[in-house]
Amino acid sequence: MKDIIVVGAGVVGLSTAIRIQEKGGYRVTIVAGTFPTDLRTIHYTSHWAGAHHVSHAFGDKRQLEMDKETFECMWKDSEPDGPLPGCFFRHTQTEFRGDDVDPTEWLGHMPDFQAVLQNDLVPGSTHGWSFTTLSLDPPVYLNWLLDRFLSNGGTIVRSQLLHISQAIEGGISGLPQKPNGVVVCVGIGARFLGGIEDKDVFPIRGQTIALRAPWVRYGRSISKADGSYTYSIPKVAGDVLIGGIKVANDW
């Protein structure tokens, strides 16, 4: 058995750890300062996600392949008789655009994908597309991923790494001393983790509000020519998340 350390316990870290386990032949340990079972904090962003599945690959083929595979896994898990009832909600999503972007390349694979008729366009849009996607409840999903990882024999270690060498060279109780591989899944933390310090990683500032609106059972978004972006995400329990700010690299 080979030892693998995954740094980070957000949705990417947990999903990555589970996928490595499923390949077989690996003992996987997750090391993180925060886990899904903890109280919500600004240092753990996965709890605060929308969250729905809409690809924004924009011609990036590698990103598109990852988005497709992610959707296939989540679509399977969201089946009515799937493993996590009460988490997923399948719904119609309509993307309106007021710019010249045609998302067919990265959204055309979605179920029920079709163009919106001109008479059905909203003000500020020149074209649009609708398809079926899903939203999910992040805290429920994250805790399910953690339970799944532990049930597969995974190990968790609570520690906030200051430098990647702490995982590679040992020194933290509970971690394999000579791991065969280390996978870093710390999101914006990759910008500050010693030995990684990836300055290409930056935050995108957003602002959302949650409304109680169980009669809204569809998702909408509009991307305007001036770069503004507004969206709504319906949830299975009847809440709707409304967002309208998307500012890159804003600290």
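**Tour of the predicted model**

Select α2, β3 (88-97) and β5 first: α2 lies across both strands and runs at about 55° to β5. Here helices (H or I, at least four residues) and strands (E, at least two) are DSSP runs, numbered from the N terminus. The angle, on a scale from 0 to 180 degrees, is taken between N-to-C directions of axes fitted to C-alpha atoms, for helices over the stretch in contact. This is a predicted model, in which local features need pLDDT of at least 70 and side-chain atom pairs pLDDT 80 or more, while totals for chains, interfaces and linings use all residues. Residues are numbered from 1 along each chain as its sequence is written, and side-chain values use heavy atoms, without hydrogens and water.

Next, show the open sheet of 7 strands, ordered β4-β5-β3-β10-β11-β12-β9 with mixed pairing. Pairing requires at least two DSSP bridges between two strands. At the edges, β4 (114-115) and β9 (208-212) each pair on one side only. Zoom in on β10 (218-223) and β11 (229-234), antiparallel strands joined by 4 bridges; R220 has S232 in β11 as its bridge partner.

Now select V6, L14, I30, F88, L136 and Y141, which have the most contacts inside the largest nonpolar core, a set of 34 residues. Such a core consists of buried Ala, Val, Leu, Ile, Met, Phe, Trp, Tyr and Cys residues joined through side-chain atoms within 4.5 Å, where buried means under 20% relative accessible area with a 1.4 Å probe, protein chains only. Among its suppliers of at least two residues are β1 (2-7), α1 (11-23) and α4 (138-151); α4 gives the most, 6 residues.

Methods:
Buried means under 20% relative accessible area, exposed over 50%, partly exposed in between (1.4 Å probe, protein chains only). Contact means heavy atoms within 4.5 Å.
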